[in-house]
Every structure is written in structure tokens, then in C-alpha cells.
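Thanks for coming. I will walk through one structure, starting with a helix, then going on to charged side chains and a loop residue.

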Amino acid sequence: MLVGIASCQNLEEMNVNPNLPTETHPQLLLTKVEWNAFRDFRGTSPLYALKMLVQTDGENTNQYYKWDRGSYAAYSDLRDVTKMIEEGERIGDPSYAALGKFFRAYYFYNLTLTFGDVPYMAALKGEAEENYTPVYDDQKAVFEGILKELREANDMLAADNNIIAGDIIYSGDITSWRKLINAFRLKVLLTLSEKEGEVDLSEFTTIYMDEILMENVEESGQLVFLDQQDNRYPDFNSSGFSSGMYMDSTFVKRLQDRQDPRLFIYCTQTKSAKEAGKAINDFTAYEGGDPAAPYAEVNEKATQGNVSKVNERYHKYPVNEPYMLLGYAEQQLILAEAAVRGWISADAEMFYESAVKASFKFYEMYAENYSIYVSESAAEDYLAMPINNFSLAMNEDEQIQLIIMQKYLQSFFQLGWTSFFDHHRTGGYPSFRRPTGVVVPYRWIYPQSEYNYNAENVTSAITKQFGEGNDQIDEMTWWLK
């Protein structure tokens with residue numbers, strides 16, 4: 001009998017596949033979660049919608065606002081977040097659960113802005129509860145849940161003294177993570193500025209007064225790339241940059257009008273300008289293509305050598321500037337707008353100027369070949385120009401426009417869709433040039449997979465938000481109504 005028991009135990013051990021572990025240390029999951037999260041919701045797609053890029057070898061749907069369905073790929077990343085939380089709880093380390101709450105908030109924030117109502121409370125319960133058709137939560141409830149999870153994440157880390165292993169963002173430093181989490185709380189609350197009378201936004205003041213926030217560029221929430229296999233800049237050696245991708249004329253002109261040296265960092269001189277021997281810091285050496293014109297027309301202008309391309313460093317250098325999930329410069333602009341709106345008692349101009357200086361500093365640090373153009377003195381000269389001078393703004397609306405424009409100008413390959421949603425939140429600022437009759441969409445259509453596998457719940461969500469069968473990109477969701 002003893003031999004039989006031993007044999008059964010050995011058989012059970014032999015049936016455990018070592019290549020499919022059922023448990024792991026959460027630090028391994030954290031590294032993957034961070035790598036994915038800090039690269040998600042960006043790329044070139046938002047740059048076409050934000051009027052920074054144009055395509056000349058075909059019609060880009062984002063450039064002309066002709067998109068349709070969005071993606072629920074974020075739920076796949078959220079499964080890794082869920083597992084990280086579970087494994088953190090298994091080994092008794094709450095720091096992983098805290099960061100898990102932050103990443104949940106980050107993903108659901110982007111999901112609800114993309115679609116409107118989304119599965120939230122009942123989502124990701126397939127393994128634990130065999131719930132494969134989650135109901136949809138109201139967008140208001142999703143935002144409330146996001147803010148609750150962020151609050152909990154900060155509180156949990158405040159009571160934790162551990163070093164977070166596997167952290168490739170802040171090398172395990174809890175204080176730095178708390179600063180980023182609190183800054184993100186401010187971002188979520190500011191997103192709801194149009195709901196000020198419907199939602200209690202007093203938490204913004206509490207965070208500003210009582211919590212820790214980022215204090216310099218070095219504390220930005222960013223993913224730094226390395227010249228190593230699988231750690232290089234995502235667009236390194238990308239073939240897309242050598243095809244029909246060119247700069248948008250409206251973006252180039254905004255930089256030119258403000259004598260903004262970030263222009264030299266973002267794009268190349270035109271072929272004609274190079275042949276004419278114009279200097280890199282000659283603002284007339286740059287030109288873009290009209291984003292509202294047919295692509296063939298822009299292609300003709302590009303063929304003549306009169307349209308700038310994206311700076312070659314973005315696809316030729318294995319390491320460029322980091323990707324920011326939320327940087328110090330954006331945090332300062334969030335605080336500047338809150339000060340203008342009267343949410344906090346603070347000097348809006350001080351925050352605005354520190355944000356601009358921080359953006360210049362960021363590129364001075366990471367765009368080394370162009371550092372001379374974005375020095376501290378260059379930032380001072382830039383801010384003194386009337387078009388950039390905050391003290392010359394005559395009213396609240398003009399002040400907010402200055403703030404939103406600076407957030408827009410620093411978002412090239414950064415910040416994802418932030419400026420797109422700011423456009424809707426602030427009543428159309430910055431403006432986006434487009435063909436006559438084309439309206440900037442508010443959202444994306446739900447994925448076809450939801451119609452295939454969760455039809456009852458997605459149909460109910462659509463009817464509740466927009467009316468029966470009205471899943472369209474021009475429908476406004478709760479946060480803007």
C-alpha cells in the first residue's frame with residue numbers, strides 16, 4: 001500500500017508541466033506589465049488624429065477621422081495585472097496589489113474614454129467565477145471606481161516599506177510611485193472638469209494640499225529604453241518612416257509661430273531647404289502637408305521636396321527619449337489649469353512656466369544632438385515671447401488655451417490620446433484642421449468580438465447610452481455631456 005501511495009504522489013509530480021507554472025513571483029509579472037502599459041495607447045495613430053502627421057501614399061483613417069471599431073486588447077494586459085495582484089497577495093506583499101490597482105485605473109481610464117460604458121466590476125472574472133459575459137458599468141461608475149482604486153493604491157504604498165522587486169520604472173522606490181499615482185489622480189479629476197456640478201471634484205484640492213507629487217523632470221513616470229535586444233526604442237528600424245509619412249502643416253506652423261525649438265527635434269528640414277543650405281535652427285527650413293487635402297495632393301508637394309519628414313532619429317537610433325505615461329511637465333500643466341479654474345489656490349503662471357521649462361529640459365537630457373536648442377536660457381527666451389507669455393493672457397479662456405497648447409506641443413510621440421480628449425473637454429482646443437463637413441469623433445465603436453460573444457450586455461449598454469443600435473463614433477459619452 002505504501003508503494004502504491006508513493007507511486008501516486010510521484011505520478012502527480014510528473015504530471016506538473018514545468019514549462020507551464022501555476023505560480024510565480026509577482027516581480028516577473030510586474031516587469032511585463034510595466035513594459036506593456038508604458039507603451040500602450042500611443043504610436044503613430046494618435047499623431048494623425050492630432051494633426052501632427054499626414055500620409056501621402058494612401059488615405060489614413062485617423063487623419064481623416066474615418067475610424068470605426070476600437071480594440072479591447074487592454075483586457076488582455078489587464079489579465080496580467082490581475083495575476084500580479086493575486087501573486088502579490090499569495091506571498092503577502094501588498095505593494096504588487098497597490099501597483100495593480102494603479103495599472104487597472106490606467107487601463108480602465110483609457111478604455112472608458114475610448115468607448116464610454118465598459119465592463120468594469122464584472123470584468124476579468126472568467127477564471128475565478130466563470131463569468132465570460134460581463135455586464136457593462138456606467139461611465140460615471142467606472143470613473144468613480146478608477147478614483148477609488150488610485151486612492152487605495154496610494155494609501156497602501158504609504159503604509160509599505162518594501163522595495164518593489166521587478167520595477168523597471170522607479171527601481172522599486174515606493175515614494176516615486178506614490179508621486180506618479182497622485183499625479184494620475186489629478187489627471188483623472190481634471191478630465192471630469194465638464195462634470196464639475198455633477199461630480200465631487202474636491203479631492204483634487206486634497207491631493208494637492210496633502211499628498212506628495214513629482215518635484216522635477218527626473219521623477220517623471222517614464223520608460224527608459226536601452227540598446228539591448230527587446231529593450232530598444234519601439235520604432236527603431238521601423239519601415240513605416242521611410243514610406244509616405246510626413247509632417248502635418250498645422251503642427252509645423254504652430255511650432256514656427258511660437259519659435260519653438262522642439263520643431264528641430266521632431267522633424268527634418270525639407271529636401272529643398274537642405275539643398276539650399278539652410279541651418280537646422282532656421283524655422284523657414286520646415287514645412288508640412290495639408291491634413292485636409294487629398295493625400296495625392298500632399299504627395300505631389302512632398303515629391304517636390306517641400307514637406308518635412310519625421311526626424312530620422314526616431315527610427316535610426318536604438319535609444320531615443322523615454323516614453324512618458326505621465327511626466328512632470330504634464331503634471332505642472334494640470335496644476336496650472338486647476339489654478340486658473342480656481343480649484344486650488346496657487347500661481348498658475350508659475351506652474352505653466354515650470355511645465356515649459358521641464359519639457360525643454362526633457363529634450364535637453366534625451367535628444368542630445370539638439371540640446372543646445374532647448375537649454376534653460378532657450379526656455380526663458382521662449383517664455384518671454386508674447387505668444388507664449390502667460391502674463392499677457394487677458395482672461396481665463398486665454399490662459400487655458402495657452403496651457404492646453406503647451407500640453408499639445410510636448411505630446412509628439414508622448415501622452416497618447418491626451419490632447420485628443422482635451423480637444424473635446426475644452427470645447428475644441430487645440431483646433432484640428434479637417435475637410436469641410438468632417439466632424440471630429442467622440443469615441444470608437446465597440447469591438448465586433450463583443451457582438452459575437454457578449455451581445456446582450458453590449459447591446460444593452462449601447463441602448464442605454466445612445467439609443468437602440470446607435471453604436472456610432474459621433475455619439476457623445478457621459479463625461480462630455
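In α18, the buried residues are Ile400, Leu402, Ile403, Ile404, Met405, Gln406, Lys407, Tyr408 and Leu409. Buried means under 20% relative accessible area, exposed means over 50%, and partly exposed is in between, with a 1.4 Å probe and protein chains only. Before going further: this is a predicted model, in which local features need pLDDT of at least 70 and side-chain atom pairs count only at pLDDT 80 or more, while totals for chains, interfaces and linings use all residues. Residues are numbered from 1 along each chain as its sequence is written, and side-chain values use heavy atoms, with hydrogens and water left out. Helices are DSSP runs of H or I with at least four residues, strands are E runs of at least two, and both are numbered from the N terminus.

What do the buried residues of α18 pack against? Their partners are α10 (249–257), α11 (262–266), α15 (328–341), α16 (348–366), α17 (376–384) and α19 (418–425). Contact here means heavy atoms within 4.5 Å.

The length of α18 can be checked. The expected span of a helix is 1.5 Å times one less than its number of residues. Helix α18 covers residues 396–409, so its 14 residues should span 20 Å, and its end C-alpha atoms are 20 Å apart, which agrees. At the start of α18, a side-chain oxygen of Asn395 comes to within 3.2 Å of the backbone nitrogen of Asp397.

**Salt bridges**

Next, charges. Side chains of opposite charge can pair when their charged atoms come close. A salt bridge is counted when a side-chain nitrogen of Lys or Arg is within 4 Å of a carboxyl oxygen of Asp or Glu. The count by this rule is 32 salt bridges.

One network of salt bridges links Glu337, Arg341, Lys407, Asp422 and Arg425. Lys407 is one of the buried residues of α18.

Glu87 and Arg90 form a salt bridge at 2.8 Å, N to O. Both lie in helix α4 (residues 73–90), three residues apart, about one turn of the helix. An α-helix has 3.6 residues a turn, so residues three or four places apart point the same way. Glu87 is buried at 9% relative accessible area, whereas Arg90 is partly exposed at 40%.

Glu287 pairs with Lys301, with the closest N and O atoms 3.0 Å apart. This pair links distant parts of the chain, 14 residues apart: Glu287 is in the loop between α12 (271–275) and α13 (295–303), and Lys301 is in helix α13. Glu287 is partly exposed at 33% relative accessibility, and Lys301 is partly exposed at 26%.

A polar atom of its side chain is 3.4 Å from the backbone nitrogen of Ser95. Leaving aside neighbours within four places in sequence, Asp160 is in contact with Asp93, Pro94, Ser95 and Ile174.

**A buried loop residue**

Last, Ile344, in the loop between α15 and α16. Ile344 counts as buried at 5% relative accessibility. Beyond four places in sequence, its contacts include Phe204, Thr205, Tyr208 and Phe351.

Technical notes:
Polar contact = N/O pair within 3.5 Å; in protein donor to acceptor, adjacent residues only side chain to side chain.
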